[in-house]
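Hi,

Here is the model I said I would pass on.

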Amino acid sequence: MSKERFLFLNLEVRDGEREYSCNSVHTIPPRRRIEAFAENYAKDFYGGKSKSYDGGYYHCGGEVHVSVHHYRLITKEEFDVLKRFLP
């Protein structure tokens, strides 16, 4: 029987002169590589096509840069609490 894992993910977003973080929580299957999941999430963050460069991904014709800043596995209890407060 497979057991899902819980992930906290923090992305860094640069949009012109603004720089901010986006936090999210996810459930991931046991065989899925955490690093690959985090990178794919950053790559597809805005949907559509993105270009890999500068340690992250450029979106919206190069106007927005998204990169993985931090990720870690969390407990089910931590996931449930964070899920209530994160969009």
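Let me start with the contacts (heavy atoms within 4.5 Å): of those in the protein chain with a separation of 6 or more, 53% are between residues 24 or more positions apart.

Before the rest, some housekeeping. This is a predicted model, where local features need pLDDT of at least 70, side-chain atom pairs count only at pLDDT 80 or more, and totals for chains, interfaces and linings use all residues. Residues are numbered from 1 along each chain as its sequence is written, and side-chain values use heavy atoms, with hydrogens and water left out.

On the fold: the protein chain has two helices and five strands, and reading along the sequence gives β-β-α-β-β-β-α. Helices (H or I, at least four residues) and strands (E, at least two) are DSSP runs, numbered from the N terminus. The five strands make an open, antiparallel sheet, ordered E2-E1-E5-E4-E3; strands count as paired if DSSP finds at least two bridges between them. At the edges sit E2 (18-28) and E3 (51-53), each pairing on one side only. On average, neighbouring strands of this sheet are turned by 30° against each other, direction ignored. For angles, axes are lines fitted to C-alpha atoms (for helices over the stretch in contact), and values run from 0 to 180 degrees between N-to-C directions.

E1 and E2 are antiparallel and joined by 11 bridges, with phenylalanine 8 partnered by valine 25 in E2. They form a hairpin with two residues between them, and glycine 16 in the turn has a positive phi of about 65°.

Finally, some totals for the protein chain. The C-alpha trace spans about 45 × 25 × 20 Å along its principal axes. Of the 87 residues, 29% are buried, meaning under 20% relative accessible area with a 1.4 Å probe, protein chains only. The accessible surface (Shrake-Rupley, 1.4 Å probe) comes to about 6,200 Å², and 50% of that belongs to carbon and sulfur atoms. As for charges, the mean positions of the 14 positive and 13 negative ones are 8 Å apart, counting Lys and Arg as positive and Asp and Glu as negative, without His or the chain ends, and placing each charge at NZ of Lys, CZ of Arg, CG of Asp or CD of Glu.

Cheers

Terms used
Buried < 20%, exposed > 50% of the residue type's maximum accessible area, 1.4 Å probe, protein only.
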